[in-house]
Structures are given as C-alpha cells and as structure tokens.
Amino acid sequence: MPADVQKLVRMANQIATFFDTQPGDTQAAEVAAHLKSFWEPRMLQALYAHVDAGGAGLSPLVLQAVGRLREPV
Amino acid sequence: MKDFIIPGLDGAPAFSDRDYGTPERHSQKMVTLTIDGFEVSVPEGTSVMRASNTLGITIPKLCATDNMEAWGSCRLCAVEIEGRRGTPASCTTPVTPGMVVHTQTAKLQKLRKGVMELYISDHPLDCLTCAANGDCELQDMAGAVGLRDVRYEAPADGGFQNHFLRKDASGAPNPEWLPKDDSNPYFTYDPAKCIVCSRCVRACEEVQGTFALTIEGRGFDSRVSAGMAGDTFLSSDCVSCGACVQACPTATLQEKSVIELGTPDRKVVTTCAYCGVGCSFEAEMKGDTVVRMTPWKHGKANRGHSCVKGRFAWGYATHKDRILDPMIRESINDPWEVVTWDEAITFAATKLRGIQAKYGVRAIGGITSSRCTNEETFLVQKMIRSVFGNNNTDTCARVCHSPTGYGLGRAFGTSAGTQDFDSVEHTDVVIVIGANPTDGHPVFASRLKKRLRQGAKLIVIDPRRIDLVRSAHIEASHHLPLRPGTNVAVVTALAHVIVTEGLYNEAFIRERCDWDEFLHYAEFVSQGRHSPEAIALLTGVDPQELRAAARLFARGGNGAIYYGLGVTEHSQGSTTVMGIANLAMLTGNIGRPGVGVNPLRGQNNVQGSCDMGSFPHELPGYRHVSQDTTREIFEKLWGAVLDKEPGLRIPNMLDAAVEGTFKGLYVQGEDILQSDPDTKHVSAGLAAMECVIVQDLFLNETANYAHVFLPGSTFLEKDGTFTNAERRINRVRRVMMPKNGYADWEVTMLLANAMGAGWTYTHPSQVMDEIAATTPTFAGVSYEFLEEKGSVQWPCNELHPEGTPIMHVDGFVRGKGRFIVTEYVATEERTGPRFPLLLTTGRILSQYNVGAQTRRTDNVAWHAEDRLEIHPHDAEVRGIKEGDWVRLASRAGETSLRALITDRVSPGVVYTTFHHPDTQANVITTDFSDWATNCPEYKVTAVQVALTNGPSDWQVDYGRQADLSRRILPAAE
C-alpha cells in the first residue's frame, strides 16, 4: 500500500476507533459525519478509491461510513 | 513620571497611573473616616494611605507600593490620628470608623525631613548623572518633604561608614562599598544606591513568587542579595521577570536600556506578542525608540506583572537579521533577488494564479499566523476563501490546540476556556495537566502560585517534575508522573474514583447535563478496568496517589483544571480534552469564579486565530463551511461564492504536496519547517511546491524552501487586536512605523488585490467592524469600545454587552452539558528494542516557540542550546555524562544534542525543547496525530539515545542547505 494511502487508512481507522466506543447505534453515521466535516474532497476521493480497490486495512466501521457517504442523498 | 491626576474628579482618565500605596481591599463593608477634613468611605481593611490616595491626597512613602502588601519600614508615611499616640505609619494602619487623620502637620513635616536626611546621608548625590534621574522616588520624596540640608558628613579622618563612597576621606578603600552587578543582560544592581526598602525582595516573593532575593545581614549591614552567597543575579534563581526592577524606587535596580537611552517621554498601552496570557504593557518610548516595556497595572490578564520575554525580549524588532525588502527567486536553489514590493507581489500573484490554471482552484492555500492580529488573520482567511476560492486555510493551532476546539465544542458547545485569569484567585484545588506554566505561561504561573501560597491545593499530572511540583513556598499535594501517552487512562481513572466513591455532584449534573448520557458514562467509568489499580502498570501512576488526587479535586471546594499541549498533542488529544470536560461537569466545577476548564494557549493569538476562521472547515465564529446561512452572510459581503467543502489542514497540505496536487502556499508568520513534526516530510512537501510565499520578520527555516519572501512587521509597528487564552480581546497599538514599509494586513491586502480582490481598508478598525458585522460572538466589539473598556472577553453582543468573563453560567452554550465516553487507546507509537525510550518535548521560560524572536535577544544568556534531559539511570547504562553529545534517533530521523542529566524525568522518558534550528527536535517526531483533528503527536516519540561525537550528518547537511538557501544577490548598482 502506498504511504499516502496507508496514512489515510490509519487516520480513518483512528476516527472509527473513537466512535466505536460511543453508546447508541449511530457510530457509522458519526464517522461519516466526521469525515464529511473535516476531510477535504481529495482526501475523501482517495479513501473511496481505496475502498473500491478492496479497502485493505480499513475497519468495518469506516467501510460502513463510506457506504453512507456515497449514498445518493 | 509624576502623577497629579486625581481620580474620580472631572476629566480624570479611567486608567490612572496613581500608586495607591497598598493593595485594594474587596470587603462589602464600608468604613467612613476623615482625612485632612475630607470625608471618605473605603472598604474595610483598607489602609489609611490608600484611603488618603482615593481622596487625591498623597502621603510621602518609599517602601510602599500598591501591588504588594504594606511593609512599614521607611517611616516616611507617618500620619497623626486624633486620639492616638505617636505617628503611625499610614501604610500599615487600617482605617476605622470615624477616624480623623492628619497627613500634614508641623510635627510630621519635621519627622519626615529627619527620616529623609538619614536616607540621603547614605546615598550618593550624583542625581544629574544617575540613570533614574527624573524617575526616582527617593529624589521625589526629598523634594516632597522639603529636604534642604544634610548634616551628616563623613569625618575627614576616615572610618565613617557609608555604602556609596569607593574610598573614605583618608583614601582607604571603603569595605562597605560593593561593585555593580551587571551580570543580568537587561538590568543592573548597584548596591551603592540601595535604601533597603525591601520592595525588590517583596516583589520577587509576592508578585513573581520565585523567592530569589533576600535581605542579607542586619541593620547597617543589610544588603539585597540574589541567591546564595557568591551568586550574581544571573547565576541565582532569578527568572529575570523584572518585577524587582519595576518596584525599585531608586537606580539600584535599573534597566540597561534606560541607562543607555535615558527616561522615556511617552507611553502607549499595547499587548505582548509572546504567549497566550496576553499581558498588557506600556511601551515607553522616546521618538520611535522603545526605551522599556512595563506591564500595565490595569491589564486584566496580568494585573501589572510580566515575564522576562514580554518585559525585556523585544530587541528582535530592530535586530540586524530582519529582512526589510521583498525578495524573489525562480528556484529554491537560486540565491534571493531583492526586488520592489510591486515586483514581488506581481510575481507571487502570477505564480499562484498560474498554478490554479494548471492544477485547479484547490491547488493553493495559506497558513494564518497565531502571532499576527485578529484583523490580519481574518484577512488571510478571507483572501483564501474569497480570492483563492477554496478553504485551504489553516493555522498553527492545528499543531497545538485544535483538539481543544473539537473536544470542548463537543462537550460544552463552544471552543474556548471557560474562565478569566482572575478566576484563579477564587480557586481551592487546581489540576495542572500537561502544562508547565512557570515556563510556558509565566505570568499566569505567578498568579497561580500566589493563590497556592494562600492555601489552595495543587495536583500536577505530568511526566516531568515541573517547577510547580515543588519550589519555593509551594508544593503540589499530588504529582502523578504518568507515562507519556496515557493521559486518557489517568483522566478516566480519576473519574472512576469520583463516580464509584460517590463524590460526584448529582444536583449539578441533573440540572445542567444530559442525565441519560451521564448514566451511561458513569457505568463506563465504573468498570473495574478503569480503576487506578488496573491502570497502574500502564501509566506508572501510584493508585493511592491517584485516588487521593481524585478525592481532593472532588471534595476540595472550587476546582479548576488548567491544561496545555501535554494534553492536546497526542493521538488521543481530543479524547483527553473531553475527559477533562467530564471531570469538570462531574464535580460541578463550571459556571462560576474559581472553577472551569482552562486551556493555556501557546502563542499570543492562538485563540484569536481560531476565532477568526483560520480552520479549513470553519468560517469566523466556529461555523462550519457547509452551513448555507453562514456562507451567505460572507458571500453577500465579500461578493464571492464560497466553497462549501472543508479545505486541507496543514498536514494534509503537505501530504497533498508530496502527492503532487497541492502546489502553492502563502505562509504568514509561521515557521512550519521548524515547528511542525517530522521535518523530513515537511521539507519534502515544501520542496514539491512551485510557489511558497513566506511573510516573516526573518529568513526562517521555512523560507529555505520559499520562492517569495515578503517582509513582515512586528507588533510594535501595527494596530490591531490579540485575543488571549481567556478570550480577552486586547488592543495592539502602533508605536513606530513598520521598518519594512507595511503592516502585515497591508501586505495581505496587496497580494489579494493583485489577485483581483479590490479591497480598500485603510485601518484595521474597519476589519474589526467587518468581523463584528458577520460574527455574532463579536457583534459588540469595536475599537471605540475597546478604547473605553481597555479590553473585553467574547462573547460580546446584545446578550452580553460588557463581554463574558465566565462562560456557561446559567447553562451550557450547547444546552445540556455532554458526558462523552473516553476509552483509552494506546498510540501506535510504541517503544521496542530499537527505540526503548519515550521522548516528550516542551519549552523553557526564556525562549519562545521556534525561537525566531527570542534567539535574537539577550535571552540566549539563559538557554543557548536545546539539551536532552535524561534520567541518571538511563544515562548511566549508556555511559552518558553531563554535557556529552548524544545522538537522538527515532524511526523518523535523528539529530544530536548535548545531555542534561536530571531526575526531573522518570526512567524511560527523555525530554527536550525545540527552540533552536540547529537541533531540530522535530526531525525526530513522527507523523502520528490526534484522531479528530490531525494535531500532531509531539509528546510521544519512541527513541534511542547513544553517545556521539557531535552534530549528525543530517544536521550538517541541513546547515549547508540553509546557508545556501539564504544567499542574497548583491543589489545591482
């Protein structure tokens, strides 16, 4: 995995790790909201591209969040 | 400067310089008395001297001054009180109801004259050539009491004792005469002029709290003495805050700048440009030359006190290294070419627009400065959003307090400290976590220490034994020396004890917080795995100490938490901030004086730069760029369409640069190459860009990779405002014209206009008006308002017309306070066989941040190099002795510096500062960062330390590259 993608994977997983510990059933929504609020579009695009390439290393919660983000609103 | 202003009478200014002689008392009970026939009412406990001053009647005095308690030694302030015998000292005599005081009678006149005659008999009469001439209270008092004659003279046969003659009348050396001590770079101590009033000693104790000075000897042998026998001022514990110099009524302690330049002729109130305390100063001027900076007694952050940086370290403003002309170059391998402003701005604007044409609108961005004013920061983000057309704006708060913004925003609903600095005067228990106030925020530390000496209790949570743990007349009740990286575990364990032992404030939580969230949180922290015993191995903290600390905080009265970058600069920085908010809510310590959550901000305007919309996701006033209604406010005023997607943060910009999608950067007053982590990654990012514009006072490290250099201006050269850690908006006032020709806001405007902005500001007050018009929390702020009030703490608007000293008084900004579960997650940065030690970083009193300013002052007398603190055990097993060169290596890089062996750090932990570019501590730090904000994890790096011969190859190469990069072509004639 290229270093830049590896870094995005780590950052996304860190966010998921936090929200995973929070109560309720909104964890995936929270991760999605966090990514949408703080990640610049090219970072999100790179993350989506990595998901499309198999999403190696990404936590299930990140994958769920990305799924939500990409749903047409 | 003499003062004939009578406060309270017509035409008197609100901010009088009058010295009331003794401190203000705050009793609700008023006492009425008569002084010289005039009736006056003052709070109970007030001295006769102060009461008299409130009437405008000045009683002669030498040992009294109103920022310290009365001492009663000079005997000059004697008064007569009807019905009392003798002539009591007015400074030590409290008022009583119906008291009738006479401050001027024949008896008093004679008495005072006699006292002054004795003083002057042991004082040299070289007034005309004395540095204090015109600013000497002894001289003033001799005049005030009508001293005309001194009858005591040295006898011709010698042997008569005095302190000021080098030789007696017989020509023999005077054993009582001592030479001047000019070891301190900023002031001198001349024992010959001392009248032993003890003001310096008391200032050191009461105001600064260092206790470096004492009076040695008794009676005629009494001498002011710094440190131990044989010490000079420089070698003693003196921290050079200058409180003693300010307190000295004679030329005994005198600023060297005054000795050189003479007395100032005007004073301008302004705000210090160093740390986040934001002290108010009077710049004392002659023409456009600063003679000295003295802390302003009406400054509400500092209450008349200062540290060595603010008072003395302003010489960088006129340092020869300052670059005053714009420079450009095509490639960073070329030497710099000096050009006109027009050429430089056109070059920069053309490059930036060219990059956007080629790589897209989002291929450029900028970094606002936390050292520049609110107005300047506002304009930089405005330029990026409305002229560059994207949200790629960030600020150095990214690398310091961004987790504070995120964490407090989630818990309370707003990103700011909850208190004013005065609040500490009402605190009973203080937790200091991840901060070293005596070095980083010295004036706040002095105010805290004063409260601790009055009996407040202290808990320190820090890997190092910082000075607050134990120093003169203060001692922490508990020091929890945790392993770097385990803040969340410790804070959660404190909550565990408070919840499981039933020490929480249920009434507060029920009223002010979401009860269901509390219940869930309580269940979480109550789990056995969060107990102090369960985490002891992980954190290295003694469970009994931790339990005792939790009990003390929960049950000790008003509890306040002060924290710094030791909290935020971690993978879990934001989580710890939320944990701190939890502790404050659990114990009901929010919404009144003496309590609260108080981030100690690093740079002078970190708070302001965050408020002003420097972050890529937030417009001014912490409103997300995705909010249509907020964008509309600015779009309408600015006449531009704003991007609704968040921009790149600093680390993301560098990543994108390395990837090739980010090509141009405007950096105002920041040195990211030295201050940001993982230097190699930063330099790779900068080197990959096609246009880096650096606006700074000096050719800083980042400028090694710049194509355009725009000279910046100092805080002395411009108007504006800074917002300190207590949300206080303070005026910065121009005392001299910009040596580079333009204030920084004007430079930004030149660049913006060259890119088509069409801005027409002629004064920063117009920018503040724009801020007020667009940002609800600043709605009531204007320069006129600040002129009248001195300063104001935001929110300042219709709801809070006088500003907001304390936040969340009747409820949280977000409504109900929110308890957030704080699970400890170990950082991925771990020790192992290759890197067995943990490095943590910090700062030192005499230097500031990357040192660009302080290294260009005489402050280098205290800290000429960064040192590596290492525990004796770790040093011994590596064969390292004090002062040895050691190689410090992490997986990111390596550097060399000299060792300082100390048990301040625990075994397994090493520590250094990052003030010197030769050391480049950040070549060691990694690219790990806070999960929520990307704030870098400066405070935890796994390292190895070994003996070496000198600077590393990397340092040598870096130095060579820096030298090459700083070449400037000689101007063509």
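Predicted model: local features only at pLDDT ≥ 70, side-chain atom pairs only at ≥ 80, totals over all residues.
Between chain A and chain B, 11 residue pairs are in polar contact, both partners having a pLDDT of 80 or more. On the side of chain A that touches chain B, two or more residues each come from helix 1 (3-20), helix 2 (27-38) and helix 3 (41-52) of chain A. The most is given by helix 1 of chain A, with 9 residues.

In terms of contact, 22 residues of chain A meet 36 residues of chain B. The two chains bury about 2400 Å² between them, and carbon and sulfur atoms account for 54% of this area. Within chain A, the residues that lose the most area to chain B are Phe18(A), Phe38(A) and Arg42(A), which together make up 26% of what that side buries. Charged pairs are present as well: the count of salt bridges between chain A and chain B is 5. In one of these, Lys7(A) is paired with Asp927(B), with 3.4 Å separating the closest N and O atoms.

Turning to chain B itself, the domain assignment divides this chain into domain 1 (30-145), domain 2 (331-400 + 605-779), domain 3 (402-599) and domain 4 (837-965). The area buried between domain 2 and domain 3 of chain B is about 930 Å², with 45% of it on carbon and sulfur atoms. From domain 2 of chain B, Cys400(B), Glu726(B) and Arg727(B) supply 49% of the area buried against domain 3, more than any other three residues. Between these domains of chain B, the count is 0 salt bridges, whereas 7 residue pairs are in polar contact, both at pLDDT 80 or more.

Chain B also holds a barrel, closed by 6 strands in the order 31-35-32-34-33-36 with mixed pairing. From one strand to the next, the twist averages 45°. Strands of a sheet pair through backbone hydrogen bonds, in either a parallel or an antiparallel manner. Strand 33 (residues 885-889) and strand 36 (residues 941-947) of chain B run antiparallel and are joined by 4 bridges. Opposite Leu888(B) stands Val945(B), in strand 36 of chain B.

Definitions and conventions
Residues numbered from 1 in each chain as written. Chains lettered and ligands numbered in written order. Heavy atoms only, no water. Pairing = 2+ DSSP bridges. Axes fitted to C-alpha atoms, helices over the stretch in contact; angles between N-to-C directions. Domains from an automatic or database assignment. Buried area = accessible area lost by both parts, 1.4 Å probe. Salt bridge = Lys/Arg side-chain N within 4 Å of Asp/Glu carboxyl O. Polar contact = N/O pair within 3.5 Å; in protein donor to acceptor, adjacent residues only side chain to side chain. Contact = heavy atoms within 4.5 Å.
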